[in-house]
Amino acid sequence: MTGWFVYQGSGAPDPGRIDSLPEPPPWRAFDAEPTPYDVPEIDSATTRRLGSSAPLLPVQDSKALQLVNAALYLRRPMLVTGDPGAGKSTLAHSLAYELGLGRVLEWPVVSRTELKDGLYTYDAIGRLHDAQLDRGGADGISEDVGRYVKLGPLGTALIAADRPRVLLVDELDKSDIDLPNDLLNVLEEGRFAIPELERIADRRAEVDVLTDDGRRVKVKNGVVRCKAFPVVVMTSNREREFPLPLLRRCVTLDLQAPREQRLAALVQAHFGEGSYEANRDIVELFTAAEADGALRPTDQLLNALFLTQHAVRGQSERQREDLADLLMQPLDHGLR
Ligand SMILES: Nc1ncnc2c1ncn2[C@@H]1O[C@H](COP(=O)(O)OP(=O)(O)OP(=O)(O)O)[C@@H](O)[C@H]1O
Ligand SMILES: [Mg+2]
């Protein structure tokens, strides 16, 4: 049943696997000409989350794995829900790491976020300022407009490339009411226009702009269009419902907080081999505490393990456990 998986959730990098992905379904095929551009390597945002030693066991549960792979095959965005600390944001990093897709394009969403922030920014004031100082170059002000356009994370994810980029649209449920619908259109079409560049397309068909990674890329005729549909991970803490048209176009998956085998793998990923056995008492304290139904995110376990390794070296077992217990308070503690 797992033979068709492109993303295995094993924690082991296997960059060739993405090339074994079959052609998209015809209704999700995008055919822009590939644009040469430089994809930066995975950065510390990813290694910080995943840990430094590869987990020895699969970290995602099997239902989630099937849905993640379905989204990859169907070229659909994933809408990932789950409790705080369940590993929603980390899923995007895990996909980029395992499939060798380079730096994750991160778009954190807040109530003021608009679609345009994700697509591109245009620095009109900077351009005016440079024009006054006559830094427009020989071509004059209208020709150098690309210097003032910077693609955002969503805009960069839609640059035509043979291999997809990973885009994390983090905490979409915090957005203004219009954002999910606006986003829907762009993700459906796999393209967007930059009016400032479209306006001069008859004189300059190709303009160099800056990507979210700080690299240069050519935009043709003022329109950015994708080839390989990006791996889009949209996360939500279920603070609000999403419009049905958005849900219809996404693969939705609910991530359960890691427990047992997956928790062991996670501890080893952050603290090295053998660390799960060495800290079993604290892991058990963490999971046993769940009986009261309170919410304890994984970060608290990681914090407790880190501190007990340093703060109480050489002290009694009891002192270790007391310190861990103090740190692993339920999130809704004091609210009830
Ligand atoms: N596959 C994994 N491998 C290693 N560590 C992981 C993995 N998944 C989650 N973690 C760890 O668990 C912690 C919580 O994960 P994450 O931040 O992704 O949760 P979240 O669901 O996005 O939470 P929130 O809703 O609060 O943003 C992180 O510190 C991360 O390092
Ligand atoms: Mg998160």
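Visitor: How many helices and strands does the protein chain have?
Guide: This is a predicted model. The C-alpha trace of the protein chain spans about 75 × 50 × 35 Å along its principal axes. In secondary structure, the chain has 14 helices and 11 strands.

Visitor: What share of the contacts in the protein chain with a separation of 6 or more joins residues 24 or more positions apart?
Guide: Of the 336 residues of the chain, 36% count as buried. Among contacts with a separation of 6 or more, the share from residues 24 or more positions apart is 84%.

Visitor: What distance separates the centres of domain 1 and domain 2?
Guide: The domain assignment gives domain 1 (15-41 + 60-254) and domain 2 (261-327). The contact takes 5 residues from domain 1 and 5 residues from domain 2. On the side of domain 1 that touches domain 2, the residues divide into 1 nonpolar, 2 polar and 2 charged. Taken over C-alpha atoms, the centres of the two domains are separated by 37 Å.

Visitor: Which helix gives the largest share of the shell around ligand 1?
Guide: The shell around ligand 1 holds 21 residues, of which the closest are P84, G87, K88, S89 and T90. Two or more residues come from each of helix 1 (44-50), helix 3 (88-99), helix 10 (261-271) and helix 13 (298-311). The largest share, 4 residues, is that of helix 3.

Visitor: Which domains each give at least three residues to the shell around ligand 1?
Guide: By residue class, the shell divides into 8 nonpolar, 10 polar and 3 charged. By domain, at least three residues are drawn from each of domain 1 (15-41 + 60-254) and domain 2 (261-327).

Visitor: Which residues does M78 contact, leaving aside its neighbours within four places in sequence?
Guide: Beyond its sequence neighbours, the contacts of M78 are V68, A71, V232, V233, M234, C250, V251 and L253.

Visitor: Why do the buried residues of helix 7 lie on the same side of the helix?
Guide: The buried residues of helix 7 (residues 179-189) are L179, P180, L183 and L187. An α-helix has 3.6 residues a turn, so positions three or four places apart point the same way.

Visitor: Against which elements do the buried residues of helix 7 pack?
Guide: The face turned away from the buried side of helix 7 carries the exposed residues N185 and E189. After helix 7 comes G190, whose phi is positive, near 65°. The buried residues of the helix pack against helix 4 (115-119), strand 10 (231-236) and helix 9 (244-248).

Visitor: What is the phi of E171?
Guide: E171 lies in the loop between strand 5 (166-170) and helix 7. With 19 other C-beta atoms within 10 Å, E171 is partly exposed. Although E171 is not a glycine, its phi is positive, about 65°.

Visitor: Which residues does D173 touch, not counting those up to four places away in sequence?
Guide: D173 is also placed in the loop between strand 5 and helix 7, and is partly exposed, with 17 other C-beta atoms within 10 Å. D173 and F242 are 69 residues apart in sequence, with 7.8 Å between their C-alpha atoms. The residues that D173 touches are S236, N237, R238, E239 and R240.

Visitor: What is the phi of N221?
Guide: N221 is in the loop between strand 8 (216-220) and strand 9 (223-225). With 15 other C-beta atoms within 10 Å, N221 is partly exposed. N221 is a residue other than glycine, and its phi has a positive value near 55°.

Note on methods. Residues are numbered from 1 along each chain as its sequence is written. Chains are lettered from A and ligands numbered from 1 in the order in which they are written. This is a predicted model: local features need pLDDT of at least 70, side-chain atom pairs count only at pLDDT 80 or more; totals for chains, interfaces and linings use all residues. A residue is near a molecule or strand if its C-beta atom, placed from the backbone, lies within 6 Å of it. Ala, Val, Leu, Ile, Met, Phe, Trp, Tyr, Cys and Pro count as nonpolar, Asp, Glu, Lys and Arg as charged, and the others, Gly among them, as polar. Domain bounds come from an automatic or database domain assignment. Two residues are in contact if their C-beta atoms, placed from the backbone, lie within 7 Å. A residue is buried if 20 or more other C-beta atoms lie within 10 Å of its own, exposed if 12 or fewer, and partly exposed in between; C-beta atoms are placed from the backbone.
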